[in-house]
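The sequence and structure are shown first.

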Amino acid sequence: MRVLVTGGAGYIGSHTLVELLGQAHEVCVLDTYDNSSPVVLDRVRKLTNGTVTAVQGDVRHDDTLNTVMADFAPEAVVHFAGLKAVGDSMTNPLGYYDVNVNGTIALLRAMDRAGCGRIIFSSSATVYGEPVYLPYDEAHLLNPTSVYGRTKMVAEHILTDWAQASGGTAVLLRYFNPVGAHASATLGEDPADVPNNLMPFIAQVAVGKRAHLNVFGDDYDTPDGTGQRDYIHVVDLARAHVAALDYAATHTGARAFNIGTGQPYSVQQMVAAFRAASHQPIPVVVAPRRAGDIAAMQADSRRAQVELGWRATHTLDDMAASTWAWQSGNPDGYGPRTGDGDTSS
Ligand code: NAD
Ligand code: WQD
């Protein structure tokens with residue numbers, strides 16, 4: 001299939017490009033490089049020996065979208081482009097709604113104009129909010145507690161209504177906690193500032209960029225008192241998009257899928273796994289709970305197993321070892337962000 005990948009230079013997008021090219025899909029990336037770099041796409045080309053057409057542009061801009069649709073004529077879109085920092089979303093709500101919601105509307109309008117009827121959307125487990133029960137299944141109440149989460153929930157509603165009205169297909173992938181890196185150690189997560197998320201923070205402590213990890217609370221109602229999450233290896237997550245495209249080729253309407261392993265790990269377990277993978281001490285300091293955090297969450301991913309034929313295969317050790325290989329091999333990530341990369345290749 002010809003697949004337009006918005007945000008394809010980002011963390012999850014870049015790993016997905018590798019899997020798409022591996023399954024003989026043709027890809028075109030649309031990315032501003034606001035939170036990434038065109039260097040990433042060179043690495044994907046090198047790794048796969050594949051063609052990655054790239055357009056530098058904004059998913060909210062009609063002219064850019066019309067040009068991409070006319071030139072590339074995608075049969076499906078995988079829509080990663082968005083803003084994802086929970087804290088920033090609370091202080092910049094309009095900016096988050098603009099990119100995450102208006103960006104999705106602009107993309108759907110452009111798809112309608114071009115006659116493209118399939119979209120795979122990057123949603124998040126954060127749409128569920130405080131658990132009513134665990135593991136979350138897809139029927140769980142949607143009650144997000146952050147602006148970021150609400151932008152994802154609103155976008156899901158819009159995609160659902162669009163699919164209903166147009167006869168198109170919207171696959172809503174609710175990612176749990178993506179971690180890890182490509183086995184080549186040439187692709188990985190490269191936070192622009194101080195990492196918000198646990199795994200990249202641990203990795204930066206291990207490589208000596210930060211003195212210690214703050215453990216946000218050790219008095220939760222969990223087996224060791226630290227927060228539990230359902231971490232999903234980014235390569236497993238990338239493969240879920242390939243499975244979703246196959247699904248979209250034979251189904252219409254909107255359908256949500258949890259993409260997690262169903263196996264929660266605590267902060268302490270993540271640190272222990274990383275110490276084992278890196279042979280580094282990784283000092284930790286217990287700090288107060290982080291505002292807005294919940295104690296534990298995990299996915300019921302049976303729907304994805306049954307209907308997408310997808311399941312995670314990577315282990316916790318794979319997550320830690322691949323993150324360490326990436327971080328130690330690329331201590332400064334992809335280098336400085338330029339934001340003025342190639343517009344095509
Ligand atoms: P990322 O920031 O690495 O990738 C997003 C990409 O989109 C970047 O390359 C960025 O430059 C680009 N972009 C941003 N605004 C754009 C715009 N207006 N037009 C075009 N390109 C734009 O993030 P990621 O971790 O790869 O996440 C990808 C998607 O998955 C996001 O929508 C995110 O909300 C969602 N998601 C991420 C996580 C996670 O923990 N990483 C979890 C759940 C859902
Ligand atoms: C995991 C655990 C922290 C950092 C966030 C978003 C969510 C999704 C994924 C996009 C928690 C603890 C963390 C640190 C710590 N993103 N922690 N010290 O909060 O589950 O989810 O990223 O969709 O929307 O909210 O992930 O990695 O930040 O935290 O102790 O320095 O690690 O308290 O228990 P979270 P996280």
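Is Glu138 buried or exposed? In this predicted model, Glu138 is buried, its relative accessible area being 12%.

## Glu138 and Arg303

The salt-bridge partner of Glu138 is Arg303, and the closest N and O atoms of the two residues are 3.9 Å apart. Glu138 belongs to the loop between strand 5 (118-124) and helix 6 (147-166), whereas Arg303 belongs to helix 10 (residues 302-308), so this pair ties together parts that are 165 residues apart in sequence.

The two partners fall into separate accessibility classes. Glu138 lies under the 20% limit for a buried residue, while Arg303, with a relative accessibility of 22%, counts as partly exposed.

## Arg255 and Glu307

A salt bridge also joins Arg255 to Glu307, with 2.7 Å between the closest N and O atoms. Arg255 is a residue of strand 11 (residues 253-259) and Glu307 is a residue of helix 10, so the pair ties together parts that are 52 residues apart in sequence.

Arg255 is partly exposed, at 28% relative accessible area. Glu307 likewise counts as partly exposed, at 32% relative accessibility. Helix 10 thus carries Glu307, paired with Arg255 of strand 11, as well as Arg303, paired with Glu138 of the loop between strand 5 and helix 6.

Side chains of opposite charge can pair when their charged atoms come close. Arg60 and Asp58 form such a salt bridge, in which the closest N and O atoms are 2.7 Å apart. Asp58 is buried, with 10% relative accessible area, and Arg60 is partly exposed, with 30%.

Which residues are linked with Arg60 in a network of salt bridges? The network comprises Asp58, Arg60 and Asp98. In total, the structure holds 14 salt bridges, among them Arg60 with Asp58, Glu138 with Arg303 and Arg255 with Glu307.

Terms used
Residues are numbered from 1 along each chain as its sequence is written. Chains are lettered from A and ligands numbered from 1 in the order in which they are written. This is a predicted model: local features need pLDDT of at least 70, side-chain atom pairs count only at pLDDT 80 or more; totals for chains, interfaces and linings use all residues. Side-chain values use heavy atoms; hydrogens and water are left out. A salt bridge is a side-chain nitrogen of Lys or Arg within 4 Å of a carboxyl oxygen of Asp or Glu. Buried means under 20% relative accessible area, exposed over 50%, partly exposed in between (1.4 Å probe, protein chains only). Helices (H or I, at least four residues) and strands (E, at least two) are DSSP runs, numbered from the N terminus.
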